Structures are given as structure tokens and as C-alpha cells.
Amino acid sequence: MTKTIFTILTALLLISCSKDSAEPDPVPTPSESMYFPPLTGTTWETKSIADLKWNQSAVQPLLDYLELKHSKSFIILVNGRIVLENYFNGHTASTNWYWASAGKTLTSTVTGIAQQENLLNINNKVSQYIGTGWTSETLAQENKITCKHLLTMTSGLDDSTDDVDPTDLIYKADAGTRWAYHNVYVKLQDVVASASGQTWENYFNAKLRDKIGMNGTWLKIDVNSVFASTSRSMARFGLLMLNKGKWENNIILNEAYFNEATTTSQNINLGYGYLWWLNGKSSYHLPQSQLTFQGSVIPTGPSDMFMALGKNDQKIYVIPSKKMVVIRMGDAADNENLALSDFDKVLWEKISALYK
């Protein structure tokens, strides 16, 4: 998110009070069953560093680094069980914090749920659901923009502003021909609301949040739609995605859409799925850049990892080969940033030291 962090924090005080190019790293895969915490209450099974035969001496350097880098919370799950759960700088397990752009993955997931309920088709044009004139493009240009283009950041709209009023949504290229990180993805929430006949938040709560025991709410901040929750709620969502859209035996998101969402979605930015970042690809683009960078998004991280990344280092890392989910919430580790930062690289050096 790019605006009014102070306003977000003020709002949070109120609600708080109420797989392609490289093989996965050769780390033994835990063989025990996947655990899912109850939908209500605070019960959550744990697993110790000793049980996993991890390196206990690597724990404190990791925690010291997290605290040094302005973290508020950090969680590691293995097979759904909590291995590390730490809070810093006055943050607690019951405190809500904003996800920033890590919450884009919630929009991606709920769009997939709406599609599996036959309320929409991501290959259909956006205007089919929210009407024409939602951009300043010609009708012919606008009608080329599908829901899938919003999911993949390939709408072709000018990304020089995050505003999403029609006057700000200006033609830059034909849909599908240019990748650019843009707030216009938020129009998918309008698509889902129109297709379902419900408000976005009511549909989200019923179809995703409440089904996996999350808390949290959406905050409308300027043009941004920002989700805020506890760190454990973020971990619940990560666990759902580790289990390919299933919560225990309940299919929340079908596996076909999950697979599409977490693999390369277009041929411009290989490190991007449906609003998910993908590690281990041969090249990637950064937000606000048209340059192609060679190599993996986070070279120190597992090659099969997919990620929800938000401004000021809000993180969900999902690592299928390790049956692991990692959560980090907090302020910017260094300077304010959009999604990716050098923090990811060093953090994964510290995490990897736990099990290598």
C-alpha cells in the first residue's frame, strides 16, 4: 500500500480493541499428518525445535535479527504445528495488524472461490460484471481487460498512480502485453460483490475467513482496501494454502485454481502467479519496474516457495517441500518499501540456519 500508514494504524488501534527451474532444497519432509487448529479458541498444537532436530543455536540470532528489523510478530508452522511464535515491541497474539499488499492473495483466493461457485469466470471481461466505463480507455480497449488480467497484473493500464477512479485508469498498452504492479486489482472485489449479490466483506467472511477460523476486517483507506488481523489468522491462511486450498477435509478453494494461482501466470514476469509471488523461477520483475532481473526472487529461500508480500515487510511464505509456513508482520525492516526488500534475503539466511 502506498498511502496513509498513520491512518491505517489509527484504525487498527480501534479494531484491535474490539516450481519450474530448480528442484526444492534437499531438506527431509516431515512425515506426520497435517494439523489444523480448531476454528474457535486459542488451542494450537506445537512442535519443538528439538523434536524437529533443528539447530537450537540458530534460534536466538534469528529472533535478534527480527527484533532489530522492527518486527512485531514471527511464526513458523511445520505441518500446521507452531514451532516458533514470537512477538516484539509490545505486539501480542491478540493485536491486529495490516497485511498491506500481502492481502492481495486473499482477493485472489476469494475470486477463485466465486469462480468455483459458477458466479464468475476469470476469462470474462471485467465490464461484464461491473459495467463499462470503469476506465478511461476506449470501449474496445477496456473490453480486452479480463478478470485474469487483473489477477496477473497485466491489465495494460498506466501504473503511475494507485488511484482507481475511471479518470485515473488510462491506457498504456493492450491488456496482456505488459506486466505492471498496480492497485487496479482491487476491482476484483467489485467483480465478486456484483457477481455474488453480496458485499465484498460479507462474501469474504462467509466463504473464507469464517471457514478457517480467522479474525480480521477490511479497512477502506483512500483507494486502498486493506485487511487487518492477528498474526495467527495470517498463519491460518498460509496453512490453508500449504494444504492446496483444503482445511482438513473441507475444500475451501479447489486445487485446480490453487495450482494456477501459484504457478507462473504469464510470460512477462515469471515470478508472479495470481497475485502471489513465486520463488525459484529463472527471472522476475520488481514492483514499479519494467526491468527483467535474472534469477530467483529470493535466492536464499527455498525454490518451491510462494509468497504473499506486502508493503513494509508483511510476509507469508509457503514452502511445500518443507510443509512450512512462515509469517512476519511489523514495520519496514529498513526503508519503506512496496513488497520485496533485501530483508527477505537475509531473513532466509537466518531461517535456513535452523535446519541446515
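**Ground rules.** I number residues from 1 along each chain as its sequence is written, and side-chain values use heavy atoms, with hydrogens and water left out. The model is predicted, and local features need pLDDT of at least 70, side-chain atom pairs count only at pLDDT 80 or more, and totals for chains, interfaces and linings use all residues.

**Overall.** I looked up the secondary structure and found 12 helices and 13 strands (DSSP runs numbered from the N terminus: helices are H or I of at least four residues, strands are E of at least two). Of the 356 residues, 58% are buried (under 20% relative accessible area, 1.4 Å probe, protein chains only). The exposed surface comes to about 13800 Å², with 50% of it from carbon and sulfur atoms (Shrake-Rupley method, 1.4 Å probe).

**Sheet.** I traced an open antiparallel sheet of 3 strands, ordered S3-S5-S4; strands pair if DSSP finds at least two bridges between them. S3 (97-98) and S4 (217-221) each have a single partner strand, so one side of each lacks a neighbour in the sheet. S4 pairs with S5 (residues 224-229) over 5 bridges. Trp218 has Phe227 in S5 as its bridge partner.

I then checked the second largest cavity, which holds about 50 Å³ (grid points at 1 Å spacing, over the protein atoms alone, where a 1.4 Å probe fits but cannot get out; the volume is the space filled by probe spheres set on the points). Its lining residues, which have an atom within 4 Å of a point, include His149, Met153, Arg178 and His182. By class I noted 5 nonpolar, 5 polar and 1 charged; Gly counts as polar here.

Notes:
1 Å grid on protein atoms, 1.4 Å probe; cavity = no way out; pocket = protein on both sides within 12 Å on 5 of 7 lines; lining within 4 Å. Buried < 20%, exposed > 50% of the residue type's maximum accessible area, 1.4 Å probe, protein only.
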